Amino acid sequence: MSEINKNKGVMLVLSSPSGAGKSSICKALLNLDKNLFLSISSTTRQKRPNEISGKDYNFVTEEEFKKQLKKNNFIEHAKVFGNFYGTDKFLVDNKINEGKDLLFDIDWQGAQQLREKMREDIVSVFILPPSKSELEQRLKNRGQDDDEVVKKRMDGASSEITHWAEYDYVIINKNLEESVNTVLGILKAERMKRIRQIGLGEFIRSINLDN
Ligand code: 5GP
């Protein structure tokens with residue numbers, strides 16, 4: 001992209017109760033859109049067997065997390081289901097100013113903090129499950145967590161859902177492909193927002209027909 005058409009990156013925030021299909025949507029988005037990068041969070045949660053450290057999360061001890069928190073390294077952080085999660089401040093600044101778009105798979109507490117700090121840059125999308133029974137089934141089918149964790153997440157789902165109205169867009173995830181395409185459409189439109197096209201003034205001057 002030429003300097004004249006320089007864009008500021010979109011901070012695309014996706015939240016949902018766990019089991020609504022957000023992880024699958026995120027994975028597909030990252031595969032399909034090469035200007036979109038995942039904001040890799042730090043967490044004190046135990047790594048799941050299918051997860052890769054440094055790719056899905058930076059898995060850290062509680063001591064390390066608190067050290068980083070004290071150094072003010074997180075742009076937002078929250079405790080979710082008893083574990084700490086935080087977003088690296090420097091990664092966000094670098095990517096956004098380079099014109100790269102960042103995908104945040106974070107909960108409503110994180111979304112709220114990002115909105116307070118960077119309102120203009122945030123585009124937030126809330127993903128809803130098609131029904132309560134579907135949500136329960138998806139959580140059980142994942143087979144990644146034990147029964148107690150599934151119950152905790154089911155309880156947490158209803159409190160997460162109460163925050164739907166704080167988001168710019170809401171998608172009921174009935175079909176993965178359709179939901180992914182909808183998010184890609186949102187991203188495409190948000191990239192064209194005047195405030196994100198920071199080189200636009202210069203471009204307008206270059207095509208000023210009066211001169
Ligand atoms: P999980 O442990 O299933 O990967 O994630 C649990 C919840 O924590 C999900 O809702 C996920 O979006 C959220 N989460 C993941 N990373 C962060 C983060 O950096 N900040 C916040 N606030 N939430 C996060």
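Author: What follows is a set of questions about labels, each answered by setting a value against its cut-off. Keep in mind that this is a predicted model.

Reader: Start with the rings. How many aromatic pairs are there by the rule?

Author: The count comes to five aromatic pairs.

Reader: What makes Phe65 and Phe84 an aromatic pair that is stacked?

Author: Two values decide it. The centres are 5.4 Å apart, and a pair needs centres within 6.5 Å.

Reader: Where do Phe65 and Phe84 sit in the chain?

Author: Phe65 is in helix α2, residues 62-70, and Phe84 is in strand β6, residues 83-88. They are 19 residues apart, and the pair links distant parts of the chain.

Reader: Are Phe65 and Phe84 buried or exposed?

Author: Both are buried.

Reader: Which residues form one aromatic cluster?

Author: Tyr57, Phe59 and Tyr85 make up that cluster.

Reader: Now charges. What makes Lys95 count as lying over the face of Phe37?

Author: Lys95 is at 5.0 Å from the ring centre of Phe37. The distance cut-off is within 6 Å, with a further limit of within 35 degrees of the ring normal. Lys95 is listed as lying over the face.

Reader: Which ring does Arg115 lie over, and at what distance?

Author: Arg115 lies over the face of Tyr167, at 4.8 Å from the ring centre.

Reader: Why is Asp101 called buried?

Author: Its relative accessible area is 2%. Buried means under 20%, so Asp101 is buried. The residue is found in strand β7, residues 101-105.

Reader: Which residues does Asp101 touch, leaving out those up to four places away in sequence?

Author: Gly9, Val10, Asn35, Leu36, Phe37, Leu187 and Arg191. Phe37, one of these, is also the ring under Lys95.

Reader: Why does Glu166 count as partly exposed?

Author: Glu166 has 28% relative accessibility. Buried is under 20% and exposed is over 50%. The value falls in between, so Glu166 is partly exposed. Glu166 has its place in the loop between α6 (147-161) and β9 (169-172).

Reader: How do you know that Glu166 and Gln112 make a polar contact?

Author: Their side chains are joined at 3.2 Å, and the cut-off is within 3.5 Å. Glu166 also has a polar contact of 2.7 Å with the side chain of His163. Beyond four places in sequence, Glu166 touches Gln112, Arg115 and Ser124.

Methods. Residues numbered from 1 in each chain as written. Predicted model: local features only at pLDDT ≥ 70, side-chain atom pairs only at ≥ 80, totals over all residues. Heavy atoms only, no water. Phe/Tyr/Trp six-rings, centres within 6.5 Å; stacked < 30°, edge-to-face > 60°. Helix = DSSP H or I, 4+ residues; strand = E, 2+ residues; numbered from the N terminus. Buried < 20%, exposed > 50% of the residue type's maximum accessible area, 1.4 Å probe, protein only. Contact = heavy atoms within 4.5 Å. Polar contact = N/O pair within 3.5 Å; in protein donor to acceptor, adjacent residues only side chain to side chain.
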